[in-house]
Every structure is written in C-alpha cells, then in structure tokens.
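Thanks for coming. I will go through a handful of local features and then one chain interface, so please have the structure open.

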Amino acid sequence: MSHPTHADGGHDLPHSHQKHYLIVAAVLTVVTAVEIGILFLPAVNGTWWVVPFIGVLAVFKFGLVVGEFMHLRPDHGVYKFLFMSPMFLALFSFIALSALAVVTYQPFGGGYAITQRDRKAGFVPPSAGGGFEVAWPEDKLKAAFAEAEKGGFAKGKATFASTCANCHRGDGGGMPALGPNMTDDCFKHGGSLAELYTTIGKGVQGTAMPAWSTSMSPDAIRQAAFFVRSLKGKNVAGGLECVGTKVAD
Amino acid sequence: MASIADFAGAQPPVYHQERESKYGLSDWLTTVDHKKIGILYGISGLAGLAVGGLEALLFRIQLAQPDQHIFVGDQFNGLVTMHATTMVFMAVMPLIAAISNYFVPLMIGARDVAFPRLNAFSYWTFLFGVLLMHSSLIFAEFPAAGWTGYAPLTTKPYGAGGIDFWWAGLAMLAISSMIAGVNFVVTILNMRAPGMTLMRVPVLAWMILVVQFLLAFSFPPVTVGLILLAFDRTFGSVFYETSMGGDPHLWQHLFWLFGHPEVYVLILPSMGIVSEVLPVFSRKPLFGHHAVIFSGIFIGFVGFGVWGHHMFTSGMGPIADAAFAVTTAIIAVPTGVKIFNWLGTLVHAKMRLTTAMLFAVTFIPQFTIGGLSGVMHASPPLDLQQHDSYFVVAHFHYVLVGGALTGLFAGAYFYLPKITGRLLDETLGKIHFWMFIIGFNLTFFPMHLLGNNGMPRRIFTYPADAGWNTENMIGTIGVVFQVVSVLIFFYNMMVSSKKGAVAGSDPWDANTLEWMIPSPPPVHNFDFTPVVLSERPLWDHKYTPGFEITVPAQREEIHMPSYSWRPIIVSGFVLLVLIGLLSHIWALSVVGGVGIVVGVYFWVSEPV
Amino acid sequence: MSEAVAIAHDGHSHDGHGHDAGHGHDAGHGHHQLTENNFLGLPNIKLAMWAFLGSECMFFGSLIGTYFFYREMSLGGPMPEDIFDVNITSISTFLLLMSSVTMALAVDNARQRNFGKMRAFILATAAQGAAFVGFQIYEFSHFVAHGLKLSTSLFGSTFYTMTGFHGAHVSVGVIWLVMVALLATQGKLNKDKIAINVEVMGLYWHFVDIVWIIIFTFVYLLEFTR
C-alpha cells in the first residue's frame, strides 16, 4: 500500500486507511485462530516446534498491531527509537529474569520442596501432593520410582552417568577412597530426599564429595537426588561395604 | 567583536495568556513556570541534603569510638537507611531535577518544557512522596532495611511499619520520576531552538537527556518490585515468601535493574556540569565534544546490562557472574574516555580558578578514584572479598560525593548567579571548597583501608581491639569538616543572593544560550528565539565573525502557559490513594482514585 | 495531557526529514500562529505517548518476567492447566483484538473529520474493552471459586498481579475513551485537536492490546502445549 503523508489538522484531508485496517484485522483473526486451533490437533501439539511456532505467531501479531494500527512502520524514526529501544531492553530483562530463575541459588536445608516443575519432569507422581515435605513415606517413594522408571528417570540418570559415576561407579557400586556404595541400605549423610539434596548441593567437607550447587541447577540436583535414592537396596555385584547408617525400609 | 549587549535592543514579545499570574504563596503552589519549579526542586534538594547530612553526622558520632552505645541496633539501621534514601532520592536527584528544570529550556532556547502542568505534577508528587516517607518518624519507626530494601528484611515478619511508608514514598517518587523523564525527553528532542542539531545540544543538556531516558525506562522495574512488596505486605501475596517457594532474589534483580541505571542518573548530570564548567574557565572548547556525548549514550544503554555485579555474592552461578563481569568491565571504557576528554580540555589552558572551576577540576581525580575501585568490583573473586565491607562504602562515596555532589557544587557556583542575579562570594566559596574536599577525603579515604582490614558495612559498633579505631575517628572528624563547609555554603547562598555582586547576563564569558538573557531571566526566557549556528552559540556570537546571533526586527507572538491548581490537586489524590493503602483504610484509596479521574477530567478541559 | 496540543504546531507532515532549521522564525509571524520551538516537526503529545509506552514496555516486561521467574515453581494449589479455560479466554482475547480494529477506524474517521462516526467507533471500542474487563472479573471469580487466591501460591500471586495490572490498564483506557466521547459530544474539544488526541489515545489502546497478545500466548496457550 502507499503511505500518504497526512497532515495533523491540515487543510487536505488524509487518505482513508479503512480498507487496509480491515485487511489487517482479518489477518489477525486468522493468525489467532491458527494459534489456538493448532493446540487441538493431537498430531501437531506435542511436536517440538509448537512452542516456537505460536511464539513466532505472537510476535507477528505484535508487529502487525504496532506497525499498522499504531502506524509505526511508516512513521518518523524518533517514534521508532522511543518505543523500540525500551522494548528491546524489556525483552532483554525478561529473558534474563527467566534464565536467572533457573540458575538462581536456592537455600539448602529445611526440606525438599516439590514444585510444579518437579511434577512435570515426571519424577514425582501428580498425586503426590504439594507442600514442604521433609520425609516421604516409603510406599509413596516406591510408587514414584516405579512411575519414573517408565520414563528412564530422564535427567537424573543422565546426571548420574556424567557426573556421579566418576567416583561412585557407573552402576553406583562405589569406588574405594572416592565414593561410597549407593546401592546398599546405608547412607553416610542421611537417606531422605532432603538430605541427599543437601549432600549433593553442599558437598561434604574433608571428603572427595564436592558442592555441586556451583555448577548444577537446583532442578538437576533434585533429579539426581531422586535417582540416587531409587538405587537403594539394589545391591549391585562387587559394591563396597556398607558405611554409615542403615536406612530402614 | 559582537557583544551580548546587542540583545538589549530586542523588543519583548507579545504575550498570550489565559489567566494573569498570581502572587504570593498561591503563585508557588500553582506555578507551571519551569524556572520556579526548578527553584522549588532546588530548595527541596538542599533541605534533603541537610537532613541526610544530619543523619550521617549522627551515625558517624556513634562510630567515632569503639563500643559506643548511642544509636544501637535498629536505631542505627534506621539512620543508615534514611541517610542513603534521603541522599539519593531527596537530595541529589532533586538537585539534578532543579538544574534540569531551570537550565534545560534555557540551554536549548525554549520558553518552557513540553508539558508545563505535568512538570508541576512531577514536583508535587515528588514532594508528597518525600513527606510521606519521612512521616514514618511520627507514625511508625524509621524503615531500617537498608536503602536497597532487600527482602525478606522488608517483608511483614521482619520489616516493621516504617517499611510501608518507605515503599509508598518510593512509589510516589517513581511515578514522579517516570513522568518527568518522559516530559524532558520530549522537551529536549522537540523544543530545541532552530539550528540546534543534536550535536549542537550543550553537553549538560545531552547528559540530562540520557538521564531522563534512564528515569523513564529504569523506574518501571523497581515500581514492579515495590508493587510486589506492597502486595506481600498488604494483601498477603507470596512473592518474597520462601516457605511458599518464593525467592527473595527476585527483589534484588528488580531493584538493581533499576538501581544500576540510577547510579548513572546520579553521576551523568555532574559529568555534564563539569563538561560545561571546564571549557568556560579554560577558555577552550571541550576536547572531543562528540566523544563525551557518545560515551554518555553508551553508558546509558550498557547501564541496563550490568545490574548483576551487585549480586555476585548471591550465587547466580558462574555463567551469569561471567556475563555481568564482562559488561561491567566494558562500561568502564566510556567512563575512561570522558576522563581523558576533561584532561585534554585542561591541557595548555589558561585557567581561571574560580570556586566553580576548583570543584570541577577536583571532580576528575576524585571520580577517577571511585571509578577505579568500581572496576575492581567487576571481578567476581575480588568482589566476593569486598562485598558489604567498608571498601564498597568508600567506592560509592567517592563516586557519589566526590563525583556527583562535587559536580553539583561546581554547578551551584556556576549557575546560581543566573538564578539569583548575584554572584556568590568567592572567599567563602573557597573556604567551602577546601574544607569540603579535605573533610571528604579524610572521611572516605581511610574507609578503603577499613574495608581491606575487614570492617563490614552497617554494623553499629566494633570492638576496641579490632584495629579500626584510628580510621573511624578520622572519618568522624572529616564529617564534621564537611558539615561545617556545607553550612558555610548555605550561608554564602543566603547572603550573596541579597548582597552579592551583580552578575549581569554573562558573568563567566560563557558559551551557551542561557547566558545571553538577563539574570534572573524574564518569565518568557527569550525575547526572541535565537537561531543556533554552532556548538558554542554565544561564544561564537562574541568572538567568531559571521556567527553572530541576529535580532529579528519583528516582535514575536508567544503563548505562555497559565498557572493551574490541577497538578497539585491530582497529586494530592495520588497521595490519598497511597495513604489509604498503607493505613488499610480502603475508603481513602477509593476516594483518591475517583479524585484522580475527576481531577484529570478537569485538567484536560482547562484552557492553558 | 492535552496541553501539548495547544502549543504544538499544526500543518507539518509526519515526515520530519528536510525540516529546515530556520523554521521557528518563518512560521511565527502570522496572527493565528504562535512561536514555539518544534524542532522535529512532530507533535509533542505523540512523542510523549511513545516514550510513555516505552516505559510501559519495561513495566509489563518486569511483570511478565516475574511470572516467568516463578513459572512452575508453585508448591501447591491449583495449577494453570487445572483452571485455565482456553475457550473463554479466546473469546475475550478476540474481543480485545477487534477493539483495536474499531480504535484504528475511530482514528481514521477523526482524521477524515467524520466526528459522528468517530464517536460511534470510540464507543464501540470502549464497549469491547468493558466486556473484556467483565470477562476478566468473571475469570478471577471463577478461579477464586476453584481455590486460587492471591495468597495461595506463587502462581496465584504472579497471575493475579500481572493480569490484574493489565486489566487496570484496560479500565483506564475505557475511562479515557468514554471521557473523549463525552467531550466530543459536548463539543468541548477543539476540532483541530481531535485527530491528534484520538490518535494518541489509540496508541495507548493498541499498546494494551499488544501486551495481551503476549500474555495470551505465553501465559495461557503455553499451558496447553505438550
């Protein structure tokens, strides 16, 4: 379309943009319909590109309203600067805040808080209930492990293989002078999820166990703790002798 | 050689005004004149400086000797909190606002700001916010959570009632600053005199433009942080409640996302003042004029990306720490550029060492010391050692007192004659200068050593055998020097404004447009709108043939805005909303909200 | 905010390039035109609105950022996927989107000086905005009935605060629209200033709409992806 300059209150009346606005409205409607409709297609919803795709659609709508309805696209550069520079600053701070939420330190001790994210990650059954649980009953844990095992423990197992296995052996059987056996019934520093979480996060002074909270997110630590706890009682062959307190079933 | 006496022949313009001016007190309450609002900001800022200085004196007396028990625990914390809050928001910021209000329109050749009534609204909202915060002394106790107001110190279980006054007062200041920011951005961009391209805008006006962008765009995050805090305290939301999964770091992020640009809000105007004062008294153009402007812009943008360096000890993780360390190191570069610009201006200069010049020259080394200790904090391992120690206290006082306040003093001696029409006394000025500089360095230089010797900030006393006695005693003596010197400055201002030597239009043989009009300027500022032909329009008018500012033959027709009661009334309703929120008398808030809507209706339908 | 209009120059094209430096002198001597610097040739009030919207970007950026900071970190209580109703929200989203169209048409008619049609479109915009707020009130009460309060969880706190402030902005917009429609009916608006005033009001309204575009996609729809 053409971009006639229009005087503010001058004698020549500017061109009408009505038709243009109606076309933009139709496009906006279609895009919104696609955005919502796509979520009802089981074949599509669940593929990796759904989230980026609706994100792109939202940005497209954003641009359309700003560029056409707010008339910024053909308008003076000063307006663009006044709006776009803080918009990008806001986008930047928004991304930073979201990213920092993942890496921000969470205080250790006091218990094991199950967040909604834990549930979605699949290692806590949806029925487990929320809140600030210090110790879980064993039957609840067993059910949770069974459920998580179906998904292969996802992240927790991978973390164990890449990080813990160096000292605790690939199957968790332990290595002399490095890391104790994780598959017996004994835990040196407590066998509850909360205690395991704290041990992994803070490390143990005077031993080879480092504080992983400096390089692992709280999320990853939780999942590793959860996986480690599920190893209890597996008693793999050639595991080290029991050290520490036996944890009852 | 042309002289500014030429302008005396210009005919005063024809006025259009809806309502005649008022006189007396109601004139000050209803004024929309940027010059009067500037004076109001100035008086408020000086009052804030006195209050903040008194608070500093009190806690320095407590710290003068070990094991004293004059102000203990929360009393001490309250003094420290209010000292910082007062100095930042109620002394330095209003003094900057005073200079912006009074001089920006004069510098760019305008008759007022873009939105005169909004300007008045900004001032009254600011003043009510200040009064609201300080009324905590009467109705509750002083807020004692530090000026940074870290959660959970400010949440309900730990922060007493004073915190409610703190957030409500700060919220009003946020509204005021945001609106003022938008107002001045538009003023500087759109109300420049003909010919004043962006590169011909005076450096001080440029730095103030950057500052107004920072105000407009950095206050919203802390406004959000304050809203979350207010909701936590008032309506029981759980933003900062750890037992509900909340994370107090959120406050730190939101606060410093504002807080770091705020640091540049405080220092950039002083850099601008120094960039104006040095060339005038060196009788040279500013060395690398464009570099000063562009480095200011660069500082403004990157200032939004460095907030994490205040949080290295909060455990953000190595990636975030590294990113913020890099941005922090980068932002030191444009600051260094400016320092070389000022030094370059002084090279081979025939300096006139007036008091204004002395302050401006002293700004450079003092700010450099503060800047260098600041760059050290860009390194996370070093920062972990220095965090919350007196080393940090020394660092930011070298920037904010040795830098910002020293620059403002330079500005006071330079610009006050334009406001009062009379010069300040130079002898008293030099006594002020020497006492202030000696006192300042006595107080804050030993704090570097204190910090390195392990003295933490915000402790109300310390044991005699800790090895910190001498430095603390020296520091307190230095504060007494500073207090006396500022009292001399106040006395000088009061006496000189009545009995000082008459300044005339251009006492300093200066460069920029504000010096071509009488001191004090008439209500309409300029008899005719000057056409700007160079970076130093008045200097070139006087000394460069072909660059004279021509006086038009015809009288100009101008419209001056009339006085208005609307701004102060709407601002009062905003205050009412906040009083209702913090006293839990919801009816007050509802009345205030309705009052704002009705007030705005009458505001927009009032002819101006 | 209308004062800028009183002193802003009329008769400039939106294109400020090539605007000559001597303008303040040339334009100042007619009897109906007053001298006031207008370097860019742009109306002050529109510049101010764009700058204000920039500031609002930071405001909503921080609010939405807070929501994401705490997303999925709630310890208990109803979760988004338990209580969000995509049908209802889609209807209110569509209403707000269409209100942007009527707003754009109102601005267009104001420029054409069709003040009757302009008023009708403004009132239509206000009605849709009011309906949106109505949907939001319904949604909030529905959520509260399902046990999600401001104090229930991080989700409750962040959700109500973010969408509540958006709703407050919509409400302010509705009041503004009605106010302008009233003033236009009473003939209290200077006919030369109506176009710019309505345009600036439109900018605010569209901005409120784009904030909702972001919230709708990244807060509501995101919960329905798998």
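This is a predicted model: local features need pLDDT of at least 70, side-chain atom pairs count only at pLDDT 80 or more; totals for chains, interfaces and linings use all residues.

Let me start with helix α17 of chain B, residues 566-583. The helix has 18 residues, and at 1.5 Å a residue these should span 26 Å.

Which residues of α17(B) are buried? The list is B:R566, B:P567, B:V570, B:S571, B:V574, B:L575, B:L576, B:V577, B:L578, B:L581 and B:L582. As for what covers them, the cover includes four helices of chain B: α4 (116-134), α6 (162-190), α7 (203-235) and α18 (586-604). Just past the end of α17(B) comes B:H584, with a positive phi of about 65 degrees.

Staying in chain B, the next item is a helix pair. Helix α9, residues 289-302, and helix α10, residues 318-346, have axes that come within 9 Å and cross at roughly 160 degrees. Angles over 145 degrees count as roughly antiparallel, so that is the label for α9(B) and α10(B). The crossing of α9(B) past α10(B) is left-handed. On the α9(B) side, the contact is made by B:A291, B:V292, B:S295, B:F298, B:I299 and B:V302. On the α10(B) side, the residues are B:T327, B:I330, B:I331, B:P334, B:T335, B:V337, B:K338 and B:N341. Sorted by class, this contact has 9 nonpolar, 4 polar and 1 charged residues.

Two single residues next. B:L46 sits in helix α2 of chain B, residues 34-63. B:L46 and B:P94 are 48 residues apart along the chain, and their C-alpha atoms are separated by 8.5 Å.

In chain A, A:T199 belongs to helix α7, residues 193-202. A:T199 has 22 other C-beta atoms within 10 Å, so it is buried. Leaving aside residues up to four places away in sequence, A:T199 touches A:H189 and A:V204. A:P210 is 11 residues from A:T199 along the chain, with 9.1 Å between the two C-alpha atoms.

Now the interface. How many residues of chain A are in contact with chain C? There are 57, and they meet 59 residues of chain C. On the chain A side, the elements giving two or more residues are α1 (18-37), α2 (50-69), α3 (77-103) and α4 (116-120). The largest share, 15 residues, is from α3(A). That side of chain A divides into 32 nonpolar, 19 polar and 6 charged residues.

One helix pair joins these two chains in some detail: α1(A) packs with helix α5 of chain C, residues 86-111. Their axes are 10 Å apart, at an angle of about 170 degrees, so α1(A) and α5(C) are roughly antiparallel. Here the crossing is right-handed. From α1(A), the residues are A:Q18, A:Y21, A:A25, A:L28, A:T32 and A:I36. They meet C:V86, C:S90, C:T93, C:F94, C:L97, C:M98, C:V101, C:A104, C:L105 and C:D108 of α5(C). The contact divides into 11 nonpolar, 4 polar and 1 charged residues.

That is the end of my list.

Notes:
Residues are numbered from 1 along each chain as its sequence is written. Chains are lettered from A and ligands numbered from 1 in the order in which they are written. Two residues are in contact if their C-beta atoms, placed from the backbone, lie within 7 Å. Ala, Val, Leu, Ile, Met, Phe, Trp, Tyr, Cys and Pro count as nonpolar, Asp, Glu, Lys and Arg as charged, and the others, Gly among them, as polar. Axes are lines fitted to C-alpha atoms, for helices over the stretch in contact, and angles run from 0 to 180 degrees between N-to-C directions. Angles under 35 degrees count as roughly parallel, over 145 as roughly antiparallel, 65 to 115 as roughly perpendicular and the rest as oblique. A crossing is left-handed if the near helix is turned anticlockwise from the far one by less than a right angle, and right-handed if clockwise. The expected span of a helix is 1.5 Å times one less than its number of residues. A residue is buried if 20 or more other C-beta atoms lie within 10 Å of its own, exposed if 12 or fewer, and partly exposed in between; C-beta atoms are placed from the backbone.
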